Amino acid sequence: MDRLQMRAMLRDMLRARAFEEAAAQGYAQGQIAGFLHLYPGEEAVAVGVLHAAEPGDYVVSTYREHVHALVRGIPAREIMAELHGKITGISKGMGGSMHLFDASRRFLGGYAIVGETFPIALGAAYAVAYRRLPEAVICFFGDGAVNQGTFHESLNMAALWKLPILFVCENNHYQIGTEIHRHSAVTEVYKRACSYGIPAEKVDGMDVLAVHAAARKALERVRSGDGPQFLELETYRYRGHSMADPASYRPNVELNAYQANDPIAAAIHEAESAYLSPEAMAAAGADCISHFSDHCCQEGHLDEAEITRLRQEVQTEVDDAVRFAQQSAEPDMQDAWSVFHHNRRYEVLMETAQ
């Protein structure tokens with residue numbers, strides 16, 4: 001991996017944490033309404049997988065999709081404006097946190113229904129296979145979705161038709177608030193794919209280099225016509241399921257243990273966390289981003305001064321996105337009616353057919 005790619009991955013991880021903490025602050029101040037599911041702790045998953053993807057690949061995400069959208073290339077301004085419900089948002093302020101969508105970047109949306117990503121990804125992969133295109137579909141989902149019927153139905157069809165899908169399980173152990181061994185008879189999720197003859201692997205989801213290597217190899221197999229592939233990326237979220245969840249069901253010792261392997265410096269970026277005390281943050285050990293930063297320095301890819309500049313760059317970008325969102329206008333009734341009537345006469349389908 002060359003210096004530029006290492007730098008880009010580190011920057012995306014730093015930017016993701018800064019963005020999510022800014023979103024948490026906006027929610028606490030009442031500027032963001034509705035549900036807000038944040039990603040701190042899981043950054044290595046989105047960055048590792050999506051840096052292995054090609055621009056022509058399709059991405060299907062869940063309700064915890066801000067970081068996927070950021071890494072895919074959707075501007076921070078447009079994502080933050082969407083969270084604030086502003087007309088300048090990527091979904092014109094009418095989708096909100098769980099419904100980001102960008103057809104130009106083949107980001108096929110975040111979906112609020114657990115297990116909904118599977119049939120969406122299946123349909124996209126069928127279209128790719130039908131047209132014999134050298135593209136792949138990346139389907140993100142959490143451990144809470146693997147007991148849904150759509151999981152089994154979609155894996156079966158994907159394997160039967162050898163569809164070009166990479167299934168990515170972000171296993172943060174708790175779905176909403178129930179630990180995986182309490183809701184699943186099979187706690188090692190990747191083993192479920194064996195039932196359908198889909199090659200599967202379990203990878204440390206807190207190690208961005210391991211995630212990237214596994215995703216790159218899996219996507220190579222997908223593109224070579226080997227059919228669907230499956231990755232279980234074992235990770236951990238530092239906040240509750242959403243901003244409304246204090247996560248009191250998790251023991252502090254477990255949280256602290258995972259923070260010692262944090263993909264981004266929690267002691268710096270988690271300062272506004274509603275779920276961690278100053279003592280807990282001070283006790284947190286070196287995180288994955290720190291490990292990755294050290295690795296970059298040791299290998300000569302970056303030095304401490306450049307890492308400091310990266311932190312400043314991403315914070316400036318996020319601060320700008322917040323100001324942009326706050327200063328943007330809200331959608332009015334005319335905007336709402338425009339969306340309501342969009343494609344009522346199948347305009348989009350006719351344009352695609354042409």
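Q: What counts as a pocket here, and how much space lies in the second largest pocket?
A: A pocket is an open set of grid points with protein on both sides within 12 Å along at least five of seven lines. The volume is the space filled by probe spheres set on the points. The model is a predicted one. For the second largest pocket, that space is about 290 Å³.

Q: Which residues lie nearest the centre of the second largest pocket?
A: Its lining holds 20 residues. They divide into seven nonpolar, eight polar and five charged. Those nearest the centre are Tyr63, Val114, Gly142, Gly144 and Ala145.

Q: Which residue of S2 is the bridge partner of Val59?
A: Strand S1 spans residues 58-62 and runs parallel to S2. Three bridges join the two strands. In S2, Val59 has as its bridge partner Phe107.

Q: How many residues of strand S2 are buried?
A: Strand S2 covers residues 107-111. A residue is buried under 20% relative accessible area. The strand is mostly covered, and its buried residues number five of five.

Q: How many residues apart are Phe151 and Phe230?
A: Phe151 sits in helix H6, residues 149-161. Phe230 sits in strand S6, residues 229-234. The pair links distant parts of the chain, with a separation of 79 residues.

Q: Buried or exposed: what are Phe151 and Phe230?
A: The cut-off for buried is under 20% relative accessible area. Phe151 has 0% relative accessibility. Phe230 has 1%. Both values fall under the cut-off, so Phe151 and Phe230 are buried.

Q: What is the length of the polar contact between the side chains of Glu306 and Arg7?
A: Glu306 is in helix H13, residues 304-327. Glu306 counts as buried because its relative accessible area is 9%. Its side chain joins that of Arg7 through a polar contact of 2.8 Å.

Q: What distance separates the C-alpha atoms of Gln312 and Arg15?
A: Gln312 also belongs to helix H13. At 49% relative accessibility, Gln312 is partly exposed. Along the chain, Gln312 and Arg15 are 297 residues apart. Their C-alpha atoms are separated by 9.8 Å.

Key:
Residues numbered from 1 in each chain as written. Predicted model: local features only at pLDDT ≥ 70, side-chain atom pairs only at ≥ 80, totals over all residues. Heavy atoms only, no water. Buried < 20%, exposed > 50% of the residue type's maximum accessible area, 1.4 Å probe, protein only. Helix = DSSP H or I, 4+ residues; strand = E, 2+ residues; numbered from the N terminus. Pairing = 2+ DSSP bridges. 1 Å grid on protein atoms, 1.4 Å probe; cavity = no way out; pocket = protein on both sides within 12 Å on 5 of 7 lines; lining within 4 Å. Nonpolar A, V, L, I, M, F, W, Y, C, P; charged D, E, K, R; others polar. Polar contact = N/O pair within 3.5 Å; in protein donor to acceptor, adjacent residues only side chain to side chain.
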